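Below is a short briefing on one chain. Take a look at the structure, then read on by topic.

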Amino acid sequence: QEYLDFRKERSRMLLSRRNQLLLEFSFWNEPQPRQGPNIYELRTYKLKPGTMIEWGNNWARAIKYRQENQEAVGGFFSQIGELYVVHHLWAYKNLQSREETRNAAWRKRGWDENVYYTVPLIRTMESRIMIPLKISPLQ
């Protein structure tokens, strides 16, 4: 009964809800528990229909530019829900580390080429900074 009461109360607070079923890109590492403290950036890309294979092929080559500091946590794409949606999850010690790591990628030969080929595939993109809960294995 307590749970049912909670669900009823929660439903009064929800304005909308969206669900997605995601699959991992095979070239990304599976998310592993991390020592903290870290912040996480969730970058979401909504792609033009028909461009997922091209996106995946480019990122399979490009991920090597972002593995040096082990900031790459996971890469996922939608299977159910809104399609042609990609999520990349990155870990950083703080916002300063994020800026330095992202700037370092631009100094690596080949990163700009990846951006050149993938930007035209994007309809919209979004970045969210997240702080993990104490119970999260991704600290």
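Is Glu 126 buried, exposed or partly exposed? Glu 126 is partly exposed, with a relative accessible area of 39%; buried means under 20%, exposed over 50% and partly exposed in between, using a 1.4 Å probe and protein chains only. This is a predicted model: local features need pLDDT of at least 70, side-chain atom pairs count only at pLDDT 80 or more, and totals for chains, interfaces and linings use all residues. Residues are numbered from 1 along each chain as its sequence is written, and side-chain values use heavy atoms, with hydrogens and water left out.

**Annotated region**
- Over residues 40-137 the chain is 32% helix and 35% strand. The end C-alpha atoms of that stretch are 13 Å apart.
- Helices (H or I, at least four residues) and strands (E, at least two) are DSSP runs, numbered from the N terminus.

**Helix α3**
- Helix α3 has 12 residues, 95-106, and should span 16 Å at 1.5 Å a residue. The expected span is 1.5 Å times one less than the number of residues. The end C-alpha atoms of α3 are 17 Å apart, which agrees.
- The buried residues of α3 are Ser 97, Arg 98, Thr 101 and Ala 105. They cover an arc of only 105° around the axis, which puts them on the same side of α3. The arc is that of the directions from the helix axis to the C-beta atoms.
- These buried residues pack against β2 (39-47), β4 (85-92), α4 (111-118) and β5 (122-130).
- Asn 94 caps the N-terminal end of α3. A side-chain oxygen of Asn 94 lies 3.1 Å from the backbone nitrogen of Gln 96.

**Thr 101**
- Thr 101 lies in helix α3. It counts as buried, at 9% relative accessibility.
- Leaving aside neighbours within four places in sequence, Thr 101 is in contact (heavy atoms within 4.5 Å) with Arg 66, Asn 69, Glu 71 and Tyr 92.

**Salt bridges**
- The count comes to 6 salt bridges. The rule asks for a side-chain nitrogen of Lys or Arg within 4 Å of a carboxyl oxygen of Asp or Glu.
- Glu 82 and Lys 46 meet in a salt bridge at 3.4 Å, N to O. Glu 82 lies in the loop between β3 (72-80) and β4 and Lys 46 in strand β2, so the pair ties together parts that are 36 residues apart in sequence. Glu 82 is partly exposed at 30%, and Lys 46 is partly exposed at 23%.
- Glu 71 pairs with Arg 66 in a salt bridge, with the closest N and O atoms 2.9 Å apart. Glu 71 is buried at 2% relative accessibility. Arg 66 is also buried, at 2%.
- Glu 126 forms a salt bridge with Arg 128, the closest N and O atoms being 3.1 Å apart. Arg 128 is partly exposed, at 39%.
- A network of salt bridges links Glu 41, Arg 43 and Arg 98.

**Backbone features**
- Gly 36 and Pro 37 are joined by a cis peptide bond, with omega about 5°. Pro 37 is found in the loop between β1 (21-24) and β2.
- Tyr 84 has a positive phi of about 60° although it is not a glycine. Tyr 84 sits in the loop between β3 and β4. Its relative accessibility is 28%, which counts as partly exposed.

How values were computed. Polar contact = N/O pair within 3.5 Å; in protein donor to acceptor, adjacent residues only side chain to side chain.
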